[in-house]
Amino acid sequence: MRPAHLLPALAATILSFALNPASAQTALNDGFARDSRQPIDQTYTDHIRKYTTDPQFSSRLVDYLPASATVPTPAKVLGDVAGAPDMLPYAEDVYKYFRQLESASPRVKVFSIGHTEENREMIAVAIADPALLQGAKENGERLAKLADPRTIGLDDSKAQPLIDQSYPVYYITGTIHSSETGAPTALMELAYRLAVDDAPYIKYIRSHMIVLITPVVEVDGRDRMVDTYRWHKAHPGQEWPRLAYWGHYVAHDNNRDAMGMTLNLTNNVLNTYLGWHAQVLHDLHESVPFLYDNTVGDGPYNAWIDPALADEWAELGWNNVAQMQSLGMPGVFTHGDFDTWSPGYLMFLAGMHNGISRLYETFGNGGADTVKRILQPEEYSRTWYRQNPPLPTVMWSQRDNNNYEESALLSTLAYFSRNTHHFLENYYRKSKRSVQKPTLDGPAAYVLPADAAELNRQLQLLNVLKLQHVEVQQLSATLTSSVPPAKRGDKPTTQTFPAGSYVVRLDQPYSRVADALLDKQYWAPDDPQKHPYDDTGWSFTQLFNVKAVRLTDAGVLKATMTPVADFDQASGKISGSGSGSGSVYAIANTGQTSLLPLVYTLKQAHVETTEKAFDAEGKHYAAGSLLITQADEQSLAVTLRKLSLDATRLGAAPSVAAHPAPAPRIAFMHTWLGTQTEGWWRLAFDKAGIPFSYISTQTASSESDLRGKYDVIVFAPVGRSSSQEIINGLPKWGNALPWQKSEITPNLGLLDSTPDMREGLGYDGLAHLKTFVEKGGLLITCEDTAQFAIDTGLAPGVSVAPHDDARVVGSVLNSVFVAPSSPIANGYGTGLPVMSANGMVFNVSNTLARQGGRMLMDPYEHRPTDRGGPDDSDITQGRQLAEPEVLPKQQPWQPKQLNEDQMRNNVQVIPVQYRPEVILRFSEQKTLLLSGLLDKAGSIAEHAIVVNAHLGAGNVLLFANNPVYRGETIGSYDLVFNAILNYDHLRQPVATPAPDQPAAKTVPAER
């Protein structure tokens, strides 16, 4: 809640934004009258009113449609009006209409902006007066100079005429979330109105700005959603299949890719936004009733935005709400409880590139059915920021949804068109301040020191920045610079950076996104916002496991450096003294993500992985380094460059233990409960070039000999599922839920198919998984699938430790390797930053017995009340002193050691060779937080987070952290890749606690 003393000031601000814009304009709605001389399409208008369930769910902006003798309405393609019941158009039909609009009106131009992972087209539609569209290239050149004020010497006098001559671009995107179905038809009709309507306010919009529309962002998912809706309409009275797949890889999380830039849709939208030099990116979503303009949002705001952006959010958001209130439409509000902290949302591409990010959440039904909706009290309650709340119960239609979206968009476009000069001035000022960042708020630059061990991960990080259109330089000579202190009160230090180090200068237009990604984040435990909407930490330097030095001394900008446009030449080098066809090539394992892909690429070569460290040609090679023979050097160099690797040609094979590195047969196993989180893993494997088979839990249930087909099964997170759900699947008291290609569902079944999504793994499948591991297979699990492995007995001696007391929300935490000689740890140092969703941790035990019970006294923590001090021994009076043996101290990541009495005739004791091995644990409490939110860390500090459990001849690898997450955790990918590369050598001796030694005294009994 906002403090009460701020409400009068806030109300005054709202009124000011609503009634006193930056340039003179009419009062609310006075300019929304339509042109009475323009005829109305009466049939279309009658259908609008027919499908609107309540007159107050419409406005005079959209309760009619102007007629045109030459321009088709959406009904020509749809067969009915936009938002009509029982009808959802495919993306192809949406595009067909926009291209018809383009053919019929000189005010519309359609552009292809790229393709999806499944090669479906994405488009952008520009709408404006013909003169503006014809001059779009010249206008873009002017906007480019405002976007990069370096081109005009940061000279305001040169910027002013550019501002005066230019017109802005307002970019609207729809349906990134496939189950949110209303935006395509709303945008079809909006485009028609903008192209045809002669209402004075619309004529003003199209004569003063370009409206750019991408009607469908997630095209693959849209077509699948239409398929499931068609199945629903063809099977009345039945449950219909849930949307198992949206995009090719991820579902709802496609709106969390604006940092990692891994998805085609994200890159296509950003390139379009920056290519047009747009000022606004306005993303349309559906959820809460009736329209939530979360432009204003709630705190904490992102710490790297220009303050002017926060002012623009308030100006546009509150004005939009005021306009909608004056139109008599209930349930429209802004502010809410959506914190504007994470820059991972699609709309934030604008906010991080000197534009304005906006988002609507409009009420939707997940299809085009008209249904009764019963709201929850928190949805219809009246609050200070929602004075005209939604109705508690409504009959809601897709036409209602379209009315709200179009009315809100038209009213905000009208406001924007009357204030274009104001917003273009802000656009220039934000761009200028971004260039001036080193001398204003800082820092001056980030330097990634030249380091062959980190080069592979550095290049991946720099490529992300390149996708963000951030400029990267490389030092031509050594640089010595002052380095700010790590903590307040400490003194600055100096550091020398070698030539070849990469520099991300922050005197560039998109410095803010670079700073936001490379800096650290801190979310205060006592922040008033108690429910972070998404991750609180994301530092890419930490998650990519690279060193980056934040420099505030602007002197770094004077160093000799050259721009780097292409990173392909940074690697792929083969050095060394060896020669000839019998050469041995060595590639050091330094935690790269490319060693496993290399094994699959070099099909004709012989590859071995070393089991110990060695030195050769003046270089040190850690355990897990690769030795390659029988390889063509020219082909090898091409492959190395592609994979960002370097190799050394050795004069002879080193004397070091090694084993062949075959290309393991990998299967990805998914459930039909959810495929999004595992989709990020599939994406990482596909981008790396690691082949795999894709099976479901139903496949595992039907195939008894999984080990005959696969060496490794990756069971990536399902996403908040229970072990019971994984085994049982969905409830089966209804009809079957097919996910298959058919005449009415032509887009289903591409990735996988099933006649009935309800079936789970089942107990047969569980038995098959157990046999797979017992016969030497490796099962990789993470988060909820790790819990599943524990619950079902696949991970003897491992349990999930209580961690509810700790508060972690998508935070970057510090971890320490417990078993540095494990092949899983190959190439890593002593520690690793990891992403933790909620602080999940493991306990390990040397027995299968259920943990728990009431312990009368813990000798590790305290002694009973008696003589002496806390570290003294008790003395029993009247007899000789019998000093007990000192019990070894158990660390949080270690199992409790057993004494002779506890092991006697105890079938629950796990034999030493089958006891779980802790690979990685959280660090101590005071060093645990790296970025984000962490509170009450005591219950998770120093606990295990990566454990290798043993079952039969195989292994079950359990992750409490997610090592493959949203394309952001490159630094921890190799934990998974190392395990796969060494799947058949994970039982070699590792640095684990010594075997249990019988003790002279038993530990206290449990009762």
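This is a predicted model: local features need pLDDT of at least 70, side-chain atom pairs count only at pLDDT 80 or more; totals for chains, interfaces and linings use all residues.
Where is the place of K936? K936 is in the loop between β37 (934-935) and β38 (944-951). K936 is not a glycine, yet its phi is positive, at about 55°. Most residues other than glycine have a negative phi, and most peptide bonds are trans.

R720 is another residue other than glycine with a positive phi, near 60°. It belongs to the loop between β28 (712-715) and α24 (723-728). Its relative accessible area is 84%, so R720 is exposed.

Helix α26 itself spans residues 784-791. How many of its eight residues are buried? The number is six, and the helix is mostly covered. The buried residues are D784, T785, A786, F788, A789 and I790.

Next, the peptide bonds. The bond from G299 to P300 is cis, and omega is near -5°. P300 sits in the loop between β6 (291-293) and α12 (307-326). G442 and P443 are also joined by a cis peptide bond, with omega about 0°. P443 falls in the loop between α16 (420-435) and β11 (445-448).

Now turn to the aromatic rings. Across the whole structure, a search finds 39 aromatic pairs. Take F32 and Y201. Their ring centres are 4.9 Å apart and their planes stand at 75°. Angles over 60 degrees count as edge-to-face, so this pair is edge-to-face. F32 lies in the loop between α1 (7-19) and α2 (42-51), while Y201 is in helix α9 (residues 200-208). The pair therefore ties together parts that are 169 residues apart in sequence. Both F32 and Y201 are buried.

F57 and Y404 make a pair with another geometry. Their ring centres lie 6.3 Å apart with the planes at 50°, so the pair is tilted. Here too, distant parts of the chain are linked. F57 is in the loop between α2 and α3 (75-78), and Y404 is in helix α15 (residues 398-417), 347 residues apart. Are these two residues buried or exposed? F57 has 2% relative accessibility, so F57 counts as buried. Y404 is buried as well, with a relative accessible area of 0%. The two rings also belong to one aromatic cluster, formed by F57, F290, F363, W396 and Y404.

R193 lies over the face of Y64, at 5.9 Å from the ring centre. The charged end of R386 is placed over the ring of F333, 4.9 Å from its centre.

Helix packing comes next. Two packed helices are described by the angle between their axes and the distance between the axes. Start with helix α4 (residues 91-104) and helix α8 (residues 183-196). Their axes come within 11 Å and cross at roughly 5°. Angles under 35 degrees count as roughly parallel, so α4 is roughly parallel to α8. On the α4 side, the contact is made by V94, Y97, F98 and L101. On the α8 side, P184, L187, M188, A191 and Y192 take part. By class, the contact of α4 with α8 has nine nonpolar residues, no polar and no charged.

How do the axes of α22 and α28 compare with this? Helix α22 (residues 676-688) and helix α28 (residues 970-981) have axes that come within 12 Å and cross at roughly 70°. That makes α22 roughly perpendicular to α28. W681, A684, F685 and A688 of α22 meet Y973, V976, F977 and I980 of α28. The contact of α22 with α28 divides into eight nonpolar residues, no polar and no charged.

The last stop is S594. This serine lies in the loop between β19 (584-587) and α20 (595-601). Its relative accessible area is 7%, so S594 is buried. Which residues is S594 in contact with, leaving aside its neighbours within four places in sequence? They are N456, L643 and L645. T671 stands apart from S594: the C-alpha atoms are 28 Å apart in space, and the residues are 77 apart in sequence.

Methods. Residues are numbered from 1 along each chain as its sequence is written. Side-chain values use heavy atoms; hydrogens and water are left out. Rings of Phe, Tyr and Trp (its six-membered ring) pair if their centres lie within 6.5 Å; planes under 30 degrees apart count as stacked, over 60 as edge-to-face and the rest as tilted. Helices (H or I, at least four residues) and strands (E, at least two) are DSSP runs, numbered from the N terminus. Buried means under 20% relative accessible area, exposed over 50%, partly exposed in between (1.4 Å probe, protein chains only). A charge sits over a ring if NZ of Lys or CZ of Arg is within 6 Å of the ring centre and within 35 degrees of the ring normal. Axes are lines fitted to C-alpha atoms, for helices over the stretch in contact, and angles run from 0 to 180 degrees between N-to-C directions. Angles under 35 degrees count as roughly parallel, over 145 as roughly antiparallel, 65 to 115 as roughly perpendicular and the rest as oblique. Contact means heavy atoms within 4.5 Å. Ala, Val, Leu, Ile, Met, Phe, Trp, Tyr, Cys and Pro count as nonpolar, Asp, Glu, Lys and Arg as charged, and the others, Gly among them, as polar.
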